[in-house]
Amino acid sequence: MYHRQYTGGPLGGLSPDRGFPSGRSPTDVSWPMSDEDWRDANLALAESLAEIPLGQYHRLRTLAENIAIGISLLDPMFDRYCLICYPKCDELCCETAQVYYHFTDLLFIHVLGVEPPPYQTRSKQGEPCRYLSLKGCVLPRVVRPYLCTWYMCDLHLECFFAERPKEQTRVLGLMERIRLDKERLAREYTGALEASGD
Ligand code: SF4
Ligand code: SF4
């Protein structure tokens, strides 16, 4: 499952401790964050992206668009599972699972050029996700943390294993391709920043 986190890499000339608790890097966002720290993380990321030459930025953008297409292909299946499973669910994962945006999620959203989410999923550990409403998640899937798509609960797994084997293979391949593309996006971002600092 998707537990890896992008935690390193240069951020141009940005201060590594810009408004963050000591020892934290602006790329280290997957923890409960105040709204102010979240804004700083977004600002730092936007500023670092502005330093990347246009040609390299276009490469990142193409990669982000491919990731977004992949997520949109998964969306109908997971929406269908939610309709089936939600009435049977007695422990909402969005309340109990401590899911946070990872840096790769935020990078993907910024490069794609869509509005970044206004805050981290939680400002304190143990809270339910702040994007959970009475009607479910208020965010389009493309801007949710990827873990929200990657993770399948037991009820979703029941639906998934009822799919034809060919469909299961297609979905797992797509999910893995998105995960790898997000890792690649982070690597290419780091490389582009390093090159722009030469
Ligand atoms: S994904 Fe599973 S655990 Fe989470 S709310 Fe839906 S049915 Fe419940
Ligand atoms: S972002 Fe949406 S799907 Fe993900 S944990 Fe929060 S409410 Fe649930």
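Predicted model: local features only at pLDDT ≥ 70, side-chain atom pairs only at ≥ 80, totals over all residues.
Residues are numbered from 1 along each chain as its sequence is written, and chains are lettered from A and ligands numbered from 1 in the order written. Local features need pLDDT of at least 70 and side-chain atom pairs count only at pLDDT 80 or more, while totals for chains, interfaces and linings use all residues.

User: How are α2 and α7 oriented to each other, roughly parallel or roughly antiparallel?
Analyst: Helices here are DSSP runs (H or I, at least four residues), numbered from the N terminus. Axes are lines fitted to C-alpha atoms over the stretch in contact, with angles from 0 to 180 degrees between N-to-C directions. The axes of α2 and α7 come within 10 Å and cross at roughly 160°. Angles under 35 degrees count as roughly parallel, over 145 as roughly antiparallel, 65 to 115 as roughly perpendicular and the rest as oblique, so α2 and α7 are roughly antiparallel.

User: How do the residues of the contact of α2 with α7 divide by class?
Analyst: Contact requires C-beta atoms, placed from the backbone, within 7 Å. Residues including L60, L63 and I67 in α2 meet residues including L174, I178 and L185 in α7. Ala, Val, Leu, Ile, Met, Phe, Trp, Tyr, Cys and Pro count as nonpolar, Asp, Glu, Lys and Arg as charged, and the others, Gly among them, as polar. The division is 15 nonpolar, 3 polar and 6 charged.

User: Is the crossing of α2 and α6 left-handed or right-handed?
Analyst: The axes of α2 (residues 54-85) and α6 (residues 154-161) come within 10 Å and cross at roughly 120°. The two helices are therefore oblique to each other. A crossing is left-handed if the near helix is turned anticlockwise from the far one by less than a right angle, and right-handed if clockwise. For α2 and α6 the crossing is right-handed.

User: Which residues in α6 meet α2?
Analyst: The α2 side of the contact is Y81, I84 and C85. By class, the contact of α2 with α6 has 5 nonpolar, 1 polar and no charged residues. The α6 residues are L155, H156 and C159.

User: Which elements give two or more residues to the shell around ligand 1?
Analyst: A residue belongs to the shell if its C-beta atom, placed from the backbone, lies within 6 Å of the ligand. The residues around ligand 1 include C82, C85, C93, C94, L155 and H156. The shell divides into 9 nonpolar, 1 polar and no charged residues. The elements are α2, α3 (93-96) and α6.

User: How many charged residues are in the shell around ligand 2?
Analyst: The residues around ligand 2 include C94, C129, C137, R144 and C148. By class, 9 are nonpolar and 1 is polar. The charged count is 1.

User: Is L107 buried or exposed?
Analyst: L107 lies in α4 (residues 103-112). Leaving out residues up to four places away in sequence, L107 touches L45, L185, A186 and Y189. A residue is buried if 20 or more other C-beta atoms, placed from the backbone, lie within 10 Å of its own, exposed if 12 or fewer, and partly exposed in between. L107 has 25 such neighbours, so L107 is buried.

User: Is L180 buried or exposed?
Analyst: L180 is in α7 (residues 165-196). Its C-alpha atom is 9.6 Å from that of I67, 113 residues apart along the chain. L180 has 11 other C-beta atoms within 10 Å, so L180 is exposed.

Methods: Contact = placed C-beta atoms within 7 Å.
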